[in-house]
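Subject: Structure handover

Hello,

Here is the structure I promised to pass on. Please open it alongside this note. My findings follow below.

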Amino acid sequence: MAAARALPLTATLLTGTVALYITLVAFGNITDFGTNQQFVQHVLAMDTTFKDDDLMWRAVESKGLQDAVYIAIIVWETIAALVLILGTVQWLRHDLVRARRTSTLGLLMLMLLFGAGFLAIGGEWFAMWQSEDWNGLDAAMRVFLLSGVVLVVIHLPVERAGGASGSGGDV
């Protein structure tokens, strides 16, 4: 019986933590636009990599395209933050099925952004790993792993009264 209450509480707190984190990231990117704009510009321009001729054709030097990518990142972060805030509210209201669904969407949005966007595209395609100054792989990996752990936790089966356990719509 205690596990039936502990898991939703844990899911609420963890979802809320990730929601707070990504809300602060998005807020920081909006209110201090220039700081991470430089990060995105340098990664896309590949101007601090080894400048290997076999890779440099990938560089994006258009400031307009660089800014468009950065704005798209901020929009994605903001939407993910709002989805995770909604998920947290649903956990607090004990609307477990919707909370799990909503939180899953928000967490997957972050895993796509930081996994596919920063780790794969930024890290490998634009060779961000080569840069000593503009390398965000460690930070991206932290968010990716945090989101993944929370995703696993919110999908653990919840023990119901009588000892039966359920998952999915059975919460």
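The charged end of Arg58 sits over the ring of Trp125, 4.2 Å from the ring centre. Keep in mind that this is a predicted model. Arg58 belongs to the loop between helix H2 (33-45) and helix H3 (63-92). Does Arg58 have a salt bridge partner, or which side chain of opposite charge is nearest? Arg58 has no salt bridge, although the residue is buried. The nearest side chain of opposite charge is that of Glu124, 6.8 Å away. Leaving aside neighbours within four places in sequence, Arg58 is in contact with Met46, Glu124, Trp125 and Phe126.

Next, the aromatic pairs. The count comes to five. One of them is Phe39 with Trp134. The centres are 6.3 Å apart, the planes are at 55°, and the pair is tilted. Phe39 lies in helix H2, while Trp134 is in the loop between H4 and helix H5 (137-154). The pair therefore ties together parts that are 95 residues apart in sequence. Phe39 is buried, at 16% relative accessible area.

Phe50 and Trp129 make another pair. Their ring centres are 5.7 Å apart and their planes are at 85°, so this pair is edge-to-face. Phe50 is in the loop between H2 and H3, and Trp129 is in the loop between H4 and H5, so the pair links parts 79 residues apart in sequence. How accessible are these two residues? Phe50 is exposed, with a relative accessible area of 57%. Trp129 counts as partly exposed, at 43%.

Now helix H4. This helix covers residues 96-125 and has a kink of about 30°, centred on Phe118. After H4 comes Ala127, with a positive phi near 55°.

Ala116 is also in helix H4. Ala116 is partly exposed, with a relative accessible area of 36%. Not counting residues up to four places away in sequence, Ala116 touches Met111 and Ile121. Where does Phe144 lie relative to Ala116? The two are 28 residues apart in sequence, and their C-alpha atoms are 9.7 Å apart in space.

Best wishes

Methods:
Residues numbered from 1 in each chain as written. Predicted model: local features only at pLDDT ≥ 70, side-chain atom pairs only at ≥ 80, totals over all residues. Heavy atoms only, no water. Bend = angle between axes of the 7 residues up to and from the residue. Helix = DSSP H or I, 4+ residues; strand = E, 2+ residues; numbered from the N terminus. Buried < 20%, exposed > 50% of the residue type's maximum accessible area, 1.4 Å probe, protein only. Lys, Arg positive; Asp, Glu negative; His and termini not counted. Salt bridge = Lys/Arg side-chain N within 4 Å of Asp/Glu carboxyl O. Contact = heavy atoms within 4.5 Å. Phe/Tyr/Trp six-rings, centres within 6.5 Å; stacked < 30°, edge-to-face > 60°. Lys NZ or Arg CZ within 6 Å of the ring centre and 35° of its normal.
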